[in-house]
Amino acid sequence: MTDSVKKPAVDVVIVGFGWTGAIMAKELTEAGLKVVALERGPYRDTYPDGIYPTTLDELTFVQRGKLFQNMAKSSFTFRHGVADVAVPYRQIGAFKPGEGVGGAGLHWSGQHWRVTPEELQLKTHYTQRYGKNFIPDGMTIQDFGVSYAELEPHFDFVEKVFGTSGRAYKVKGQVVGDGNVFEADRSDHFPLPPQKVPYTASLFMKAAKEVGLHPFIGASSNASGPYTNPYGCQMGPCNFCGFCSGFACYNYSKASPNVNIMPALRQVSNFELRADANVLRINLDASGKRATGVTYVDSAGKSFEQPADLVIASTFAYNNARLFLLSGIGKPYDPVSGTGVVGRNIAYQMMSTVQMFFPPGTNTNPFIGAGGTGVAVDDYNADNFDHGPLGFVGGAPAWCNPAGVKPIGGIPVPTGTPNWGAGWKSAVKDNYLNTVSFDVHGANMVYRDCYVDLDPTYTDHYGQALMRFTFDWKDNDIKMSRYVTGEMLKVAKAMNPQSIKVSQKNFGDHLDLRAYQTTHWAGGVAMGEDRSTSVLNRYLQSWDVPNVFAVGSGVFPVGIGYNPTGLATALTYWAAKAIREQYLKDPRPLVDA
């Protein structure tokens, strides 16, 4: 590679332009800073990537992964244990990382959740309630270092930026509606009323009430009506077309960085977005204690240096850990000694699906849907139930989310159906319009021997080491998922279907990367209050290089039950506030080591 061309210096360089990168760009340009954002993938927007009718193409967008990462250029390697040999993840399977402007925020579904206060203080909470011996050996859970009360204003603002549709239960201490009775107190209502409830979700709600649970309409970042957010960006009402997850929304109804933030950033002169700009590393000065900018490569293979006073790492989930490792920021984690921090506390998510099959003529119309719509129960999430006699940490929300069943990847058939031929065709015909399904979306805890590091063998298109996952399911999480799924079968049976089919993604066996589960990875650059167990302090600032901040779900020190977007974006506003109000006035470590 030739010597890098040096670009004019800027105040801030942002690495990655999904939700968290876009938020940081908006916040720091508002502070008057010159900001450059570098996105490794191509430029994408609702036009032309989300125009009607070409976006309604399951083969192109989902099966062939138009909006997903190109595994031919850069991938990951996986192994189940420390003694195993890792092999490359060569095609999209268990999870779908995004690539291009908007990142995974362009192809996400719109499921918008906060977090329970207990999950932000997981170690403290479980120790106080159940005793320190309740936490299994090898489990490395820890607190975030920030409280729900501190994050609540940011949760509220995120919902206003996203145009989130929902119904609150309690606002400022007063019960105001039939929302989630387990949700923590809110400072304000949702900006839009809840989405309409599809037929299948109404059946789920009725059955959940019958067995004594507390169902509620889930929060959705698919707009229930026309909306203009605080940045002046406009959204249109969702029409339940069913093409959310994996697609850019042609109706401007699904929140995305491209719809909800980019139109505002285009109006300011102190922001520049460069697509097809793959950042290789964060550059450090001779002391290794200060970042001087980044080095990146464009689509033609030309190398550039972008000097900056402040670097924001906002790549997808685990990729921040790889960027820190490639850049020499922080001490790499060693699972044998338990020392080091970068790559530590990787978490995924436990998913099981319950499908119910009804007689012909039920007409559940599964093609109607939206990514964030539906009905959920939180009775078995977090610590909303007594874990004492059950012997496991963590929980799972469950929801009936009619997102739109597609004709290629989403054809449900009962157990015993042939894999092909006349019998399969007959089962598809009999069941497509007569099914209901719901998911149990469990938390995955963190463990001493689940981590990421740099692979010693495989490299990417640029000659840099791939990131290596060492990860597998553990008994605690398998036990939790089996318990919650078993309890939720009571809801399925209350619907009185002809048959029930349960998929638990081979829990009890090893992680299988072939079948899609979720894209919800977390950890690797954990935040916390103790630098011996965290990469970042409570303001998401690097302990080692104080002019580097990291945002995204990679900062989570533990796994949570919900989808990560709501928490990741609230934490980004929390960090941006600290940068604007504290760091810019006095550039320094914001927390004493």
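Visitor: Which residue takes a positive phi in the hairpin of S13 and S14?

Guide: Gly301 does, near 85 degrees, and the hairpin has 5 residues between the strands. Strands here are DSSP runs of E, at least two residues, and helices are runs of H or I, at least four, both numbered from the N terminus. The model is predicted: local features need pLDDT of at least 70, side-chain atom pairs count only at pLDDT 80 or more, and totals for chains, interfaces and linings use all residues. Residues are numbered from 1 along each chain as its sequence is written, and side-chain values use heavy atoms, leaving out hydrogens and water.

Visitor: How do you know that S13 and S14 pair?

Guide: Pairing requires that DSSP find at least two bridges between the strands. Within S14, Glu305 is the bridge partner of Thr295.

Visitor: Why is S13 described as largely enclosed?

Guide: Of the 7 residues in S13 (residues 291-297), 6 are buried, so the rest of the structure largely encloses this strand. Buried means under 20% relative accessible area, exposed over 50%, and partly exposed in between (1.4 Å probe, protein chains only).

Visitor: Why is the contact of Arg114 with Glu159 called a salt bridge?

Guide: The term requires a side-chain nitrogen of Lys or Arg within 4 Å of a carboxyl oxygen of Asp or Glu. The closest N and O atoms of Arg114 and Glu159 are 2.9 Å apart, so the pair qualifies.

Visitor: What makes Glu159 buried?

Guide: Its relative accessible area is 2%, so Glu159 falls in the buried class.
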